Amino acid sequence: MAKKIIFYTCIISVIILLISRAEDIIRYSKEAMNICYELIIPTLFPFFVCSSLLVYSGFGSVLASAAKNIMRPLFNIAPAGAAAFVLGIISGYPLGALTASQLYKCGALSKAEAERLLSFCSNSGPLFIIGSIGVSIYGKLSYGIALYAVHIISSVLVGICFRRYGKNKHNSPPMKLNTSETPLSNVFSVSLRESVKSILTVCFSIIFFSALSRTILSIGSLPPILDAAASGLCEFSTGVLKTSALDAGLYEKLILTSFIVGFSGISVHLQVMAVTSDSGLSLKPYIAGKMLHGAFAATLTAALLFISQPTAAVFSSNTPVLSVSFTAAALMTATVTAFALLTASISRLAKLRK
């Protein structure tokens, strides 16, 4: 009952806000629609269709088979979980979480394994990071590729961190994973229909949370960098755009962008909650995993930028960059963290082989 009271209070507060600041809501909604029209749909929709073609043609099974040998040693998850991890990497939010939920419901994974999987399988797709962020926002394909590589590595590190989550020792039964039984003659129509649903879900989530968060943030006055970070915590594409427009160095903007994409924002979290609501899985490891994902991604991005030393001249001739001491500390932190996780994994593998 207490949860319902809190929920009702929040909704009533939002309705009051919508009425009292109607002009702001309308303006921010229009701007969010422009973001969807000019950036999100052109870069994501073609990929959604191609990704769906792979999924519904059964190619997901091939991908799962190729990756299944890493699941148990690294993540302590049955091989079938590879499907959620791989599809989450190539398709983006929230397909990885949806697949993990389906694997649990069909008996391919135990509850503990499915919750471990949720902590790291819900990821942003390559076309958004490489196309939207790298090319469209920052104007550099190499930045997008680097951020996507960091995104995947961070996801793997989160999965390793959560490999001991849950006390359930149940081993899932071996089973053949079939991602689709759709006839090839119907694959395109099904893929197109599902892609339209996905892009509409993404766009309208962006419009709602972008307009709401910007309206709430406009009530007070935050420094630009905090405003961008807060926007990213609510809706990550808006946060990424605000971050790219900051009057700051390229290093700071890319690091904050990496954190926002890794955390993914409340808008995406609610999408994941919706697709897993009937599974009975706890989202606590998912939320903790996304926070850790953002931290890993920011740290590894700082380390990568320190190593590669990209130029910031395209943004400003006198834009300050991160200090050497800060980036050196970030590099040391990333190195020590990666080494510790790798050592733990090797030790675990050695125990399993005995």
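## Basis

The model is predicted, so local features need pLDDT of at least 70 and side-chain atom pairs count only at pLDDT 80 or more, while totals for chains, interfaces and linings use all residues. Residues are numbered from 1 along each chain as its sequence is written, and side-chain values use heavy atoms, with hydrogens and water left out.

## Helices α8 and α12

Helix α8 spans residues 126–137 and helix α12 spans residues 236–244. Helices here are DSSP runs (H or I, at least four residues), numbered from the N terminus. The two pack at an angle of about 25°, with their axes 11 Å apart. That makes α8 roughly parallel to α12 (angles under 35 degrees count as such). Axes are lines fitted to C-alpha atoms over the stretch in contact, and angles run from 0 to 180 degrees between N-to-C directions. The crossing of α8 with α12 is right-handed (the near helix is turned clockwise from the far one by less than a right angle).

From α8, the contact uses F128, I133 and I137. They meet F236, S237, V240, L241 and S244 in α12. Contact means heavy atoms within 4.5 Å. The contact residues divide into six nonpolar, two polar and no charged. Ala, Val, Leu, Ile, Met, Phe, Trp, Tyr, Cys and Pro count as nonpolar, Asp, Glu, Lys and Arg as charged, and the others, Gly among them, as polar.

## The largest cavity

The structure holds two cavities of 30 Å³ or more. A cavity is a set of points on a 1 Å grid, over the protein atoms alone, where a 1.4 Å probe fits but cannot get out; lining residues have an atom within 4 Å of a point. Volume is the space filled by probe spheres set on the points.

The largest cavity has about 180 Å³ of space. Its lining has 17 residues, and L44, F48, Y93, V202 and F236 are the closest to its centre. Helices α2 (22–56), α10 (184–219) and α14 (265–276) each supply at least two lining residues. α2 gives the most, with four. By class, the lining has 10 nonpolar, six polar and one charged residues.

## The second largest cavity

This cavity holds about 40 Å³. I129, I133, L147, V150, H151, S258, V261 and A297 line it. Helices α8, α9 (141–161) and α13 (250–263) give two or more residues each. α9 gives the most, with three. The lining has six nonpolar, two polar and no charged residues. I133 of α8 is in this lining and also in the contact with α12.

Note on methods: Parallel < 35°, antiparallel > 145°, perpendicular 65-115°, else oblique. 1 Å grid on protein atoms, 1.4 Å probe; cavity = no way out; pocket = protein on both sides within 12 Å on 5 of 7 lines; lining within 4 Å.
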